[in-house]
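Hi everyone, thanks for coming. Please have the viewer open, and we'll walk through a few parts of this protein together.

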Amino acid sequence: MMGRVSRRSRAVVMGAGLALVVPAALGGCDLVGGSKPATPDATVKALADGLAGGDLTKVPFDGATGANVAAFMTTVTADLKDLKRTVKVTQVSKPNANDSKATATLTFVWTIPASLSSPAATATATGTTTGTATTTPAPTTTPAPTTTPADGSDGLWTYTTPVGLTRAQDTTWHVAWNPTIIAPDLTTSERLTLTTAPAKRADIVGANNVPLMTERATATVGIDKTRIPAASLAASATALAQLAGSDPAAYAAQVAAAGSKAFVPLITVRADDALVTEQAGAIAAIPGASVVGGKAVVGPSPTFARSLLGTVGEATAELVQKSNGALHQGDIVGLSGLEQRYDIQLRGTSGVTVRAVVKDTAGKVTTSRDLFTRPATDGKPLQLTMDATAQTVAEAVLQGVTTTPAAIVAIRPSTGEILASANGPAAKGIALGTSGQVAPGSTFKIVTALALLRAGLTPDSIVSCTPTFNAGGRIFKNYNDYPPDKVGNIPLRTAFANSCNTAFISNNAKITQADLASAAAALGVGVDLDLGFPAYLGSVPTSAGSTEHAASMIGQASVLVAPMDMATVAASVMHAAVVRPRLIADNPAIAGFPTPATPLQPAEAQALQSMMGAVVSEGSGRSLAGVGVTLAKSGTAEYGTATPLKTHAWMVAGKGDLAVVVYVEDGVSGAQTAAPLLLSFLQAYGG
């Protein structure tokens with residue numbers, strides 16, 4: 001117990017073994033800044049600065065020394081050491097010349113991060129008994145109301161504390177030491193503890209509120225190093241990785257680097273995944289291999305839109321370091337994709353309670369009282385436009401394309417909603433469908449056709465389709481399977497339907513490179529917009545040399561797109577206005593996106609629909625007519641340095657309120673390679 005002390009006292013016991021040494025002559029205490037202020041302002045300011053983390057050793061105290069107070073402050077607030085705090089002087093009484101007493105008020109503001117983990121040493125209080133102050137009586141103080149930000153931002157714990165001051169014989173002002181200066185009604189035997197309650201992470205949901213990323217029963221497959229001799233680790237790690245379809249060398253290195261008693265996870269899958277149901281015997285046969293059950297936020301399958309949706313797990317050391325105290329080791333956060341980009345929204349706000357507790361000699365909490373409480377606020381779901389059925393079908397269609405990257409993207413023209421964005425297994429986790437950067441080949445003739453329409457041509461205009469054409473010294477030719485009966489002077493519609501390269505390139509002088517870029521922008525390509533997810537909206541140079549301009553007419557040279565962009569082009573033609581791809585259902589930014597400088601006109605859209613319809617009725621998309629496709633465009637794009645050059649294979653198609661694109665990095669042609677995949681998608685998904 002601490003009461004008032006005699007000026008002749010040498011020490012006062014403050015509880016918990018802390019003795020505060022008091023100088024024999026308090027009037028000789030160090031002065032703040034070496035001055036002798038007539039008012040207590042300087043002393044109170046020094047106290048506030050010291051309590052905020054500065055130097056308390058030169059603050060003159062009655063009943064303690066600055067060093068003792070600093071040590072007490074460190075001990076009492078050890079659990080709160082990672083929280084930022086400010087301490088400000090909010091009131092100082094103005095004593096008369098003859099007054100020897102004064103009062104002041106300090107305001108503490110602690111920043112409580114939205115995500116916060118309890119310190120490892122924090123004890124959980126077992127009661128709510130209010131502790132009784134054992135020091136000089138002081139005015140009762142009340143913590144500020146609970147702060148619970150709804151947006152996942154940091155909260156504040158704010159409270160005021162009283163300070164008593166005494167003027168010494170040398171006219172300096174001394175702080176009358178009392179633990180209540182640090183926290184409301186704090187006693188010398190109490191310590192502040194911090195405990196947290198995690199918020200429930202919200203789901204990423206798709207169309208019709210179907211959960212896409214949600215907490216599911218899982219199984220983690222890995223190597224338990226305690227169950228296997230060190231000499232066998234490499235062989236077991238390699239065998240397990242091969243069984244799971246992972247990189248054997250990388251996993252073997254990971255196992256070797258882990259501690260001798262570690263369980264080294266390889267992959268976490270749903271508990272009903274074929275890896276742990278159908279391959280359970282094969283896993284058990286590998287020495288040291290184990291399957292550990294649990295729960296985690298995962299998708300419907302290990303591959304389901306993984307490159308877009310991302311993953312969830314424990315915060316990495318890098319994320320913790322970059323968070324400025326918002327994240328701690330062990331926090332569950334989004335590690336990639338949309339889970340990471342919208343992590344604050346999905347993670348919610350952890351619950352926090354700060355208590356003043358008293359412990360017995362065994363460390364058991366005997367009394368406890370709450371000083372601050374912020375209830376946990378669960379995360380807010382992220383609503384996507386993705387249709388779980390469409391995505392599943394698209395991924396199933398691409399499962400057989402194992403030797404080259406491939407993608408399928410489906411968009412609803414009326415709204416721009418992305419229903420599916422699937423990547424084949426050879427894409428190796430890259431969001432190829434929405435952020436790939438590849439040449440569109442002849443699918444870009446939709447853009448070129450719009451530019452030619454604006455230059456005065458019509459679908460019935462006669463153009464020259466020759467076997468070859470020299471543009472700026474480069475010889476261009478048609479693709480190998482171009483129908484020989486479609487050469488000569490033919491309507492633009494026929495040249496478009498059968499994808500005659502020379503017919504388009506021979507008209508390159510009618511339009512400029514800037515005209516191409518303008519037409520592309522009118523159909524949603526080559527613009528710089530943040531759609532709220534990993535997306536590349538294409539690049540169409542506004543200037544180019546003669547040969548590059550000729551190549552741009554057929555979607556080569558420096559023209560680059562993502563598969564999503566060509567689905568957007570088809571959707572814009574179907575919608576008769578530019579379509580902005582929408583994956584984040586409630587993304588308000590889309591409404592504010594600028595309209596193209598030269599928007600698509602209804603007559604232009606009608607002409608393009610006519611030409612794309614001819615692709616289905618008489619051209620390279622005839623195989624799609626039986627599933628209700630009304631317009632399409634095939635494409636190939638040469639790339640690389642091999643002889644002969646490799647070719648990308650493309651097919652875009654429209655059916656009802658559905659625009660679909662299929663892209664295969666290495667293929668024979670759009671009609672032979674991409675069209676069968678698009679047909680399979682439409683046969684399984686009606687839209």
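Let's begin with a question: on strand 26, which residues lie on one side and which on the other, and are they buried or exposed? Keep in mind that we're looking at a predicted model.

Now go to strand 26, which covers residues 658-664. On one side you'll find Leu658, Val660, Val662 and Val664, and on the other Ala659, Val661 and Tyr663; all of these are buried, so both faces are covered.

Who are the partners of strand 26? Strand 25, residues 646-655, pairs with strand 26 in the antiparallel sense over seven bridges. Within that pair, tryptophan 650 has tyrosine 663 as its bridge partner. The two strands make a hairpin with two residues between them, and in the turn glycine 656 has a positive phi of about 55°. Strand 18, residues 406-412, also pairs with strand 26 in the antiparallel sense, over six bridges. There, valine 409 stands opposite valine 661.

Now let's move to some helices. Helix 11, residues 388-398, packs with helix 20, residues 670-684, at an angle of about 145°, and their axes are 9 Å apart. The crossing is right-handed. Helix 11 brings Ala390, Val393, Ala394, Val397 and Leu398 to the contact, while helix 20 brings Leu677, Ser680, Phe681 and Ala684. Sorted by class, that makes eight nonpolar residues, one polar and no charged ones.

Please click on phenylalanine 681, as it links our two topics. Setting aside its neighbours within four places in sequence, phenylalanine 681 is in contact with residues including Ala390, Val393, Leu658 and Val660. The largest nonpolar core has 123 residues, and Phe681 is among those that touch the most other members, together with Leu309, Leu338 and Leu384. A second, separate core has 42 residues, including Leu47, Ala102, Phe108 and Leu194. As a general rule, in soluble globular proteins nonpolar side chains tend to be buried together.

One last stop: an open sheet of three strands, in the order 8-15-16, with antiparallel pairing. Strand 8 (191-197) and strand 16 (365-374) are the edge strands, each pairing on one side only. On average, neighbouring strands here are turned by 30° against each other, ignoring direction. Strand 8 pairs with strand 15, residues 351-359, over seven bridges, and arginine 191 stands opposite valine 357.

Terms used: Residues numbered from 1 in each chain as written. Predicted model: local features only at pLDDT ≥ 70, side-chain atom pairs only at ≥ 80, totals over all residues. Heavy atoms only, no water. Pairing = 2+ DSSP bridges. Helix = DSSP H or I, 4+ residues; strand = E, 2+ residues; numbered from the N terminus. Axes fitted to C-alpha atoms, helices over the stretch in contact; angles between N-to-C directions. Left-handed = near helix turned anticlockwise from the far one by under 90°. Contact = heavy atoms within 4.5 Å. Nonpolar A, V, L, I, M, F, W, Y, C, P; charged D, E, K, R; others polar. Core = buried A, V, L, I, M, F, W, Y, C linked by side-chain atoms within 4.5 Å. Buried < 20%, exposed > 50% of the residue type's maximum accessible area, 1.4 Å probe, protein only.
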